[in-house]
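Thanks for sending this one over. Here are my notes, written to be read alongside the model.

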Amino acid sequence: MKNVLFKTIIVIGSMTLLCCVDGREFDEIGSNCETDMAANISFKDLDSMVQEEVVQIQEDLILEGYVISSDRAGNFFGELYLQDALSNPSKGIQLEMDLRESHLKFPLGSKVYVKLKGLYLSKKGNNIRIGSVFSSFGNISIGRIPSGKVLEHLFVSCDGGGIVDAVATTIPEMNSLPSNIVVQLQSVEFADEILGETYAIAEEETERAIQDCEENEIMLVNSGYADFQAESLPENNGTLTAILAKDGDVPQLFVRTLEDVNFTEERCPEIITEFTSDQIFISELADPDNNSKARFVELYNSALEPLDLNLWTLRRYTNDNTEVSSTIDLSGVVIGPESTLVISPNAEEFELVYGFAPDLGVSTNSPADSNGDDNLELVDPFGEVIDVFGVIGEDGTGTDHEFEDGRAVRNSDILEGSPIFTFGEWTIFNDSGDAGTIKTPQNAPEDFSPGIRE
């Protein structure tokens, strides 16, 4: 009785242990490897077979590749990614198949053969896809190879494989790399605005922005069913290993497990692009008598270094208005050292008249489109007025800041802006000659010098 009872306990205990083991944690299932198979088509040759429509492969073709994806953590489902070499790959493919726990049969780095005959091939942008056929409302697309057919097309080589060597790259280089290969990025981090979020929203495919220290950005795509879906995004900086895929021509990254995310370093230092300087100022205003479409505003940077105009604005107060009538956002513009920035409200006409394109084309009725009796302010990112032309609240007609049918030029000895208009800093031409201005209407292009500080 004691022996029977002991054996019963052993059996029950063994069954209990088996029931508690997650199937994903079993050792990789052994399978009969393939020794007699040999590739007779390359990834490059396969790429050349792709047409605009889905095509079925009729020839007895065999492709050799290396497994680079894994569904162990659930971030990949119904697909297997292969590249053509363990290191320095030239191409990769996405194989669609309905086989769960595929990492057990096709572990990372294993060398495999794909019998292509009978499978279907398509390409979207740079992304090569192979699988079965799927039809919806008469439209044919690539679907998953049924689970019972997978092992008729996909075989593990007895030669084994090796360790996949990720391609070291940067975010700006992603567009030039082939799709469906393993890449590695150094010194990257999750964007500030998503810190505190999880890798994915439950049961939803979720994009999370990854950026480098220059704020170049790429999306990391995570499954809402992945094992790590509810894990918080790491706040540090570090190394990211991922599969580079492309949605059309748009690069995207996919991690296999959180082992691909090694963020242990300090975050990038904050990039400060908002600054103030009185060395940027208005240097010329134009309202040609013969062509109102050839108007422009010119700014000048008297500093010895380029200055980023992020969050700077140029404001216009029409006539005697005390409220801003229109604004130009100068974000994204860098003005070079001791250089001008020419802004036109009609870029096409400007180029026809002056023979070159303006630095910045804006809309009509903007601050660059004044008819000579308006007032302008140059404002820094912090709301401080750095330079002004005219007197806010005073219509320019008949005053010392009228440039109607003419031109206002900042004198060459002025090297700083001023929040108070000083007539003595300007030479002003118009059609009236009032208040010390010069009654000489100006014609374009001969009477103007956009882009040249006189």
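**Notes on the model**

1. Let me start with the cysteines. With the bonded cysteines of the protein chain numbered in sequence order, the pairing reads 1-2, 3-4. A disulfide here is a pair of cysteine sulfur atoms within 2.5 Å, and by this rule there are 2 disulfides. Before going on, please keep in mind that this is a predicted model, in which local features need pLDDT of at least 70 and side-chain atom pairs count only at pLDDT 80 or more, while totals for chains, interfaces and linings use all residues. Residues are numbered from 1 along each chain as its sequence is written, and side-chain values use heavy atoms, with hydrogens and water left out.

2. Cys-33 is joined to Cys-158, with an S to S distance of 1.8 Å. The torsion about this S-S bond is about 95°, so the disulfide is right-handed. The pair links distant parts of the chain, 125 residues apart: Cys-33 sits in the loop between helix H1 (2-20) and helix H2 (43-49), and Cys-158 in strand S9 (residues 154-161). Helices (H or I, at least four residues) and strands (E, at least two) are DSSP runs, numbered from the N terminus. Cys-33 is partly exposed at 39% relative accessible area, and Cys-158 is partly exposed at 31%. For these words, buried means under 20% relative accessible area, exposed over 50%, and partly exposed in between (1.4 Å probe, protein chains only).

3. The other disulfide is formed by Cys-213 and Cys-268, whose sulfur atoms are 1.9 Å apart. Its torsion about the S-S bond is about -75°, so this disulfide is left-handed. Cys-213 lies in the loop between strand S12 (206-212) and strand S13 (217-222) and Cys-268 in the loop between S16 and S17, so the pair ties together parts that are 55 residues apart in sequence. Cys-213 is partly exposed, at 26% relative accessible area, whereas Cys-268 is buried, at 15%.

4. Now for strand S18 (residues 296-301): is it enclosed or open? Of its 6 residues, 6 are buried, so the strand is largely enclosed by the rest of the structure. S18 runs antiparallel to strand S17 (residues 280-286), joined by 6 bridges, and antiparallel to strand S23 (residues 339-344), joined by 5 bridges. Two strands count as paired if DSSP finds at least two bridges between them. Among the bridge partners, Leu-285 goes with Val-297 in S18, and Glu-298 with Val-342 in S23.

5. S18 also contributes to the largest nonpolar core. This core has 29 residues, and those with the most contacts inside it are Ile-282, Leu-299, Leu-330, Ile-343 and Phe-389. The elements giving it two or more residues are S17, S18, S23, S25, S26 and strand S28 (426-430). The term covers a set of buried Ala, Val, Leu, Ile, Met, Phe, Trp, Tyr and Cys residues joined through side-chain atoms within 4.5 Å. Leaving out residues up to four places away in sequence, Leu-299 touches residues including Phe-281, Ile-282, Leu-330, Ile-343 and Leu-378, where contact means heavy atoms within 4.5 Å.

6. Which residues of helix H4 (residues 347-354) are buried? They are Phe-350, Val-353 and Tyr-354. These cover an arc of only 75° around the axis, which puts them on the same side of H4; the arc is that of the directions from the helix axis to the C-beta atoms. Their cover includes S18 and S23. The face turned away from the buried side carries the exposed residues Glu-348 and Leu-352. After H4 comes Gly-355, with a positive phi near 90°.

7. Last, a sheet to look at: 4 strands form an open, antiparallel sheet in the order S21-S20-S25-S26. Strand S21 (326-329) and strand S26 (385-389) stand at the edges with a single partner strand each, so one side of each has no neighbour in the sheet. Strand S25 (residues 375-379) pairs with S26 over 4 bridges in the antiparallel sense, and Leu-378 has Asp-387 in S26 as its bridge partner.
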